[in-house]
Amino acid sequence: MSIEAGHRDFEALEQAFREMLVAREVLTEREVVERAELLYARTPALGARVVARAWFDPNFKTRLLADGSAAVRELGIEVGTLKLVVVADEERVHNLIVCTLCSCYPRMLLGLPPDWYKSVAYRARAVREPRRVLAEFGLILPDDVAVRVHDSTADMRYMVLPLRPAGTENRNEAECAALVTRDAMIGVALPGAP
Amino acid sequence: MSHDVGGQLVPGRIPRGQHPFMPWEMRVDALMWVLTDPSRPGGPQMTVDELRYGIESLAPEDYRRLGYYEKWLLSMIEILARHGVVDAAALERRAHEIALERAHAHP
Amino acid sequence: MSARFAPGDSVRVAHRGVAGHVRTPQYIRGRCGVVEQVHGAFRNPEHLAYGIRNGPAVELYRVRFPLQDVWPSADSSLDSLDVDLYEHWLEPVGA
């Protein structure tokens, strides 16, 4: 590597790098700041809106499962070049998302991934022993439920559409969205769970 | 290679700690997006594939030790240095200066 | 371009030891699965990693593997693993 990887101040390195790129007119400071703010504003609440809409509108759900990015844009959420694939839980199917090769994640929809998702331990074990991984997160599935693990090895970014929790029949769409957590959309938790 | 970890037997529980996202990390993420944006006039400076390959090429001990955004930053710099867009030696000097300035400002 | 495989086709992942940037995880090489979805054509990451941006596009597939076929000690015979794989890594099975 051109730059020494040893113990160093990466914050200073980022500043020096960005300054050099601005000085050479490769990009502008403003572009970087705006993009950083946009990314910081992306939260799992966006994904939760999508999930709740799918729960309340079966036609939307069908479109969401056919083309995730197009369906999300219907809700006014701009996701750029994200190729979103939404995988639906069923009574006897539970989905789990991982990227074993790096840490691919639908950031434009859910925001930044948690540190555990990027850990070697999760990436190594989720494809090999998903039920033990889920158990560590407090989720034990019945024996007759199949676990379906998705390894995001290419351009597709995956998100789970969990099942709507029992007992929410009298809740409205926004109340249901509030039950959907980031972990439920990765597949390590169920919605409405603490 | 050290990044291809699917199925490896990793002992112990999945670490659940979460570090707060630092502004410099957000800027690294933003730099990645800006530099790989295919809609830029003249095309992108690099692709995500080049970036990933750069990270995969790190020494295994560095791959395991360095943080997520630290690896991305090193990979971006490596690619642009190779393309002649940045001068690695000048970059090192400037980074060192900034680190010293910060150390003096916050003793 | 036309896709070589269709949903429902049985495929085997090539068993190649390849240096450099590949997006076919080690653990899935040599395994047999069924095509679930045809994602469409994309530039080959094995070229893009070297800055080659105008190489031929390759078809990308989501392929499903029984988890116990990949890991014999897996907990449940019901569980499966979906992996996105490029056409040049897939061979037909039982043609």
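1. Lining of the largest pocket. In this predicted model, 37 residues line the largest pocket. Those that lie nearest its centre are Thr81(A), Asp155(A), Arg157(A), Thr36(B) and Val48(B). The volume of the largest pocket is about 1,200 Å³.

2. Elements around the largest pocket. Chains A, B and C each have elements that give at least two residues to the lining. From chain A these are α2 (29-41) and α6 (107-110). Chain B contributes through α1 (23-36), α2 (48-56) and α4 (68-82), and chain C through β2 (32-43) and α1 (45-48).

3. Of the residues lining the largest pocket, 20 are nonpolar, six are polar and eleven are charged.

4. Extent of the contact between chain A and chain B. Chain A brings 55 residues to this contact and chain B brings 62 residues. About 5,700 Å² is buried between chain A and chain B, with 65% of that area coming from carbon and sulfur atoms. On the side of chain A, Met1(A), Phe10(A) and Phe17(A) account for 12% of the area buried against chain B, more than any other three residues.

5. Polar and charged pairs between chain A and chain B. Seven salt bridges are found across this interface, along with 17 residue pairs in polar contact, both residues being at pLDDT 80 or more. Which elements of chain A each supply at least two residues of the side that touches chain B? They are α1 (10-23), α2, α7 (115-118), α8 (120-125) and α9 (130-136). The largest share, twelve residues, belongs to α1(A). By class, the side of chain A that touches chain B has 30 nonpolar, seven polar and 18 charged residues.

6. Two salt bridges in particular. Glu11(A) pairs with Arg102(B) through their side chains, at 3.4 Å from N to O. Glu14(A) and Arg27(B) form a salt bridge at 3.1 Å, N to O. Glu14(A) sits in helix α1 of chain A and Arg27(B) in helix α1 of chain B, so this pair joins two chains. Over all chains, the structure holds 27 salt bridges.

7. Extent of the contact between chain A and chain C. Here 28 residues come from chain A and 22 residues from chain C. The buried area is about 2,100 Å², and carbon and sulfur atoms give 51% of it. Within chain A, the residues that lose the most area to chain C are Val127(A), Arg128(A) and Thr153(A), which together make up 24% of what that side buries.

8. Polar and charged pairs between chain A and chain C. The count is two salt bridges and 13 residue pairs in polar contact, again with both residues at pLDDT 80 or more. On chain A, the elements giving two or more residues to the side that touches chain C are β1 (83-88), α9, β3 (146-151) and β4 (156-161). Of these, β3(A) provides the largest share, six residues. The side of chain A that touches chain C divides into 15 nonpolar, four polar and nine charged residues.

9. A salt bridge to chain C. The side chains of Arg132(A) and Asp75(C) meet at 3.4 Å, N to O.

Notes:
Residues are numbered from 1 along each chain as its sequence is written. Chains are lettered from A and ligands numbered from 1 in the order in which they are written. This is a predicted model: local features need pLDDT of at least 70, side-chain atom pairs count only at pLDDT 80 or more; totals for chains, interfaces and linings use all residues. Side-chain values use heavy atoms; hydrogens and water are left out. On a 1 Å grid over the protein atoms alone, a cavity is a set of points where a 1.4 Å probe fits but cannot get out, and a pocket is an open set with protein on both sides within 12 Å along at least five of seven lines; lining residues have an atom within 4 Å of a point. Grid points are joined across faces, edges and corners, and a volume is the space filled by probe spheres set on the points. Helices (H or I, at least four residues) and strands (E, at least two) are DSSP runs, numbered from the N terminus. Ala, Val, Leu, Ile, Met, Phe, Trp, Tyr, Cys and Pro count as nonpolar, Asp, Glu, Lys and Arg as charged, and the others, Gly among them, as polar. Contact means heavy atoms within 4.5 Å. Buried area is the accessible area (1.4 Å probe) that two parts lose on being put together, summed over both. A salt bridge is a side-chain nitrogen of Lys or Arg within 4 Å of a carboxyl oxygen of Asp or Glu. A polar contact is a pair of N or O atoms within 3.5 Å; within protein, one must be able to donate a hydrogen and the other to accept it, and residues adjacent in sequence count only if both atoms are side-chain atoms.
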